[in-house]
Amino acid sequence: MFIGHFAVGMAGKKFAPGASLPSLWLAAMFADILWPILIAIGAEQVRIVPGNTAYTPLDFVSYPWSHSLLMLIVWGALFAAFFRNEPGGKRIGLVLGSLVVSHWVLDWITHRPDMPLWPYGPKFGLGLWENIPATMAVELTMFAVGVWMYLKSTWERDEIGKWGFWAVILFLFVAYVFDSFNRNPPGSVGFLWVSTLVVMAFMLGLAVWIENHRDPRYDAEGNLRRRRVRVDLK
């Protein structure tokens with residue numbers, strides 16, 4: 001799953017108003033950010049096998065440390081512990097930790113049985129990727145709901161917060177549709193892990209940009225906050 005992870009990250013804003021969009025996306029995509037690093041150092045393994053599934057040519061041979069359920073629970077607990085002493089940190093940590101673990105659940109739905117319960121343990125997967133239309137229907141529905149929940153949880157501070165946000169959403173949508181119909185496999189595993197890190201860094205950069213131009217509608221207690229509007233003085 002790709003765009004679905006961004007979707008649950010945006011939805012997380014409703015449950016943790018104090019969490020920034022970069023932190024929400026970082027948590028939701030943490031497994032896919034850690035994965036290329038571990039591929040690069042040889043700790044995990046992937047093969048490019050055209051036709052491996054209808055949706056992707058990637059054969060995830062081994063990713064015990066980035067994608068096993070147990071390790072994602074561990075990584076999620078570390079996220080939660082990092083925020084526990086901050087204002088509203090317990091709620092933020094709980095939501096971010098849950099987003100880290102959600103990665104396994106969403107990948108379990110889409111992947112064939114290659115998602116381990118624990119490092120080198122039994123593997124599971126429902127194989128939604130074998131049906132491209134069904135995969136796109138599920139992910140795009142999740143994406144629409146995630147965008148709606150984020151919009152209901154924030155408001156724009158200026159024009160960038162409004163139109164810049166929709167530009168990012170359009171970019172994600174177009175990239176997802178293109179990737180869904182692109183049948184050209186990556187040229188090499190090296191290109192795969194480098195390009196994955198570049199894309200993730202770019203998306204987190206966009207999240208920082210949006211975060212600087214939108215504000216949460218509610219405080220940690222669920223009370224409506226006063227809206228701030230940026231005024232350019234000439």
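This is a predicted model: local features need pLDDT of at least 70, side-chain atom pairs count only at pLDDT 80 or more; totals for chains, interfaces and linings use all residues.
1. Asp215 is buried, with a relative accessible area of 8% (buried is under 20%, exposed over 50%, partly exposed in between; 1.4 Å probe, protein chains only). Residues are numbered from 1 along each chain as its sequence is written, and side-chain values use heavy atoms, with hydrogens and water left out.

2. Asp215 and Arg157 form a salt bridge, with 2.5 Å between the closest N and O atoms (a side-chain nitrogen of Lys or Arg within 4 Å of a carboxyl oxygen of Asp or Glu). Asp215 sits in strand β6 and Arg157 in the loop between β5 and α8 (159–181), so the contact ties together parts 58 residues apart in sequence. Helices (H or I, at least four residues) and strands (E, at least two) are DSSP runs, numbered from the N terminus.

3. Next, Glu156 and Arg214 make a salt bridge at 4.0 Å, N to O. Here Glu156 belongs to strand β5 (residues 154–156) and Arg214 to strand β6 (residues 214–216), 58 residues apart. Glu156 is partly exposed at 24%, whereas Arg214 is buried at 4%.

4. Then there's Arg47 with Asp59, a salt bridge at 2.5 Å between the closest N and O atoms. Arg47 is in strand β1 (residues 45–48) and Asp59 in strand β2 (residues 58–62), 12 residues apart. Arg47 is partly exposed at 45%; Asp59 is buried at 7%.

5. For the overall tally, the whole structure has 5 salt bridges.
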